[in-house]
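Hello,

Here is the structure for you to look over. My notes follow below.

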Amino acid sequence: MTAVTEAAASAARAASGPRIAIVGATGAVGTTMIELITERGLPYRELHLVASSRSAGRILTVADREYAVRAIEEFDFSSVDVAFFSAGTSVSQKWVPVATEAGALVIDNTIAFRMDPDTPLVVPQVNAHVLDHRPKSGVVSNPNCSTIPLVRLLRGIEDRWGIRNAVVSTYQAASGLGYSGVEELQESSRATLQDAGAEYEPHHFPPGLAFNVIPKIDRFLDSGFTLEEEKMLQESRKILELPHLDVTTTCVRVPVANCHSESVYVECQSPVDRAELVEVLAALPEVEVHDRETPTAFPTPAVVDSSDLVHVGRIRSTQNNPRAFWLWLVADNLRIGAALNAVQIAEELIDRGTL
Ligand code: A2P
């Protein structure tokens, strides 16, 4: 295609694209979503950026065009076909019903509707087929940031060997709590470096994330697990359509700005050959395997930041159980764990003509 016909084709695609709103456009996930929409050329005929009244009138530039941020209270959701929500659970609880009532299809990044039977919970590489029809609730939920990369690997493992159980520990970055989470990590680290005995009043990460790790994310449940750990179990079961899947998790916040890591132990129904496991994982969509023969033998958050792939390393068979193995994964939680997954849901909906 010549440059002229390519430009004409892209203009035609945009003209037929949906009218989009991004709610939470000034936040960490919203900003990443704006980057991704541009990078991936998601077609849209109109774009509206929405946040709280604090940001109303702020100008943001998207693909060389300036947009004024609108306060959610002033926004008319009947003017859009699809609304991405990444402004927190209480905002979704209040405003998603308003948006769906007005006719918009919502792609929601919070826990608010994930377990609702009329709301599909989607990781496009795993269960895009549930997007063949417009959901009854008018909402498609984006799963928890640690669940998304995990189920993308578990799908391939289940299909080849059958999963008997999995034991997961997460190492989750501060950006899971948005810009203010990253700021708290930076400020508390600076304060501690200047004076190891400094008093720092943590807001997001008590008792303080600087030079620390915290084995608690979200609130404690009566079971002794945290809500984050429960989310990983229930959401994995729903996405993989395996209601009895046995996954048990310890979720830990670590002093990393961005990218979640997970240590994963899986016991399968039948023996697993390590070489074949490497092949199966490497063949999964948008997964990069760092095997021990290569120079970058294992992925780390600092190395894979801003990547649109799930990175896997440390793949090793256990000595005493031929059905079991360990692996290590790292994924950008703002992209893969939130914004990219949401944009890929929209791409699937557009391809299927559901939007
Ligand atoms: P604002 O910047 O106006 O506060 P993060 O996850 O980085 O903390 O960002 C949260 C996002 O959610 C921001 O865009 C923020 O907008 C938005 N937000 C927070 N509270 C509300 C609210 N009550 N109504 C609409 N948007 C909100």
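By class, five nonpolar, five polar and five charged residues line the second largest pocket. Ala, Val, Leu, Ile, Met, Phe, Trp, Tyr, Cys and Pro count as nonpolar, Asp, Glu, Lys and Arg as charged, and the others, Gly among them, as polar.

This is a predicted model: local features need pLDDT of at least 70, side-chain atom pairs count only at pLDDT 80 or more, and totals for chains, interfaces and linings use all residues. Residues are numbered from 1 along each chain as its sequence is written, and side-chain values use heavy atoms, without hydrogens and water.

A pocket here is an open set of points on a 1 Å grid over the protein atoms alone, where a 1.4 Å probe fits, with protein on both sides within 12 Å along at least five of seven lines; lining residues have an atom within 4 Å of a point. A28, T32, Y179, N258 and L334 lie nearest the centre of this one, among 15 lining residues. α2 (28-40) and α6 (178-194) each give two or more residues. α2 gives the largest share, four. Helices are DSSP runs (H or I, at least four residues) and strands too (E, at least two), numbered from the N terminus.

Six strands form an open parallel sheet, in the order β5-β2-β1-β6-β7-β8. β5 (70-71) and β8 (139-141) are the edges, each with a single partner strand, so one side of each has no neighbour in the sheet. Strands pair if DSSP finds at least two bridges between them. β1 (residues 19-23) and β6 (residues 82-85) have four, in the parallel sense. I20 stands opposite V82 in β6.

Best wishes
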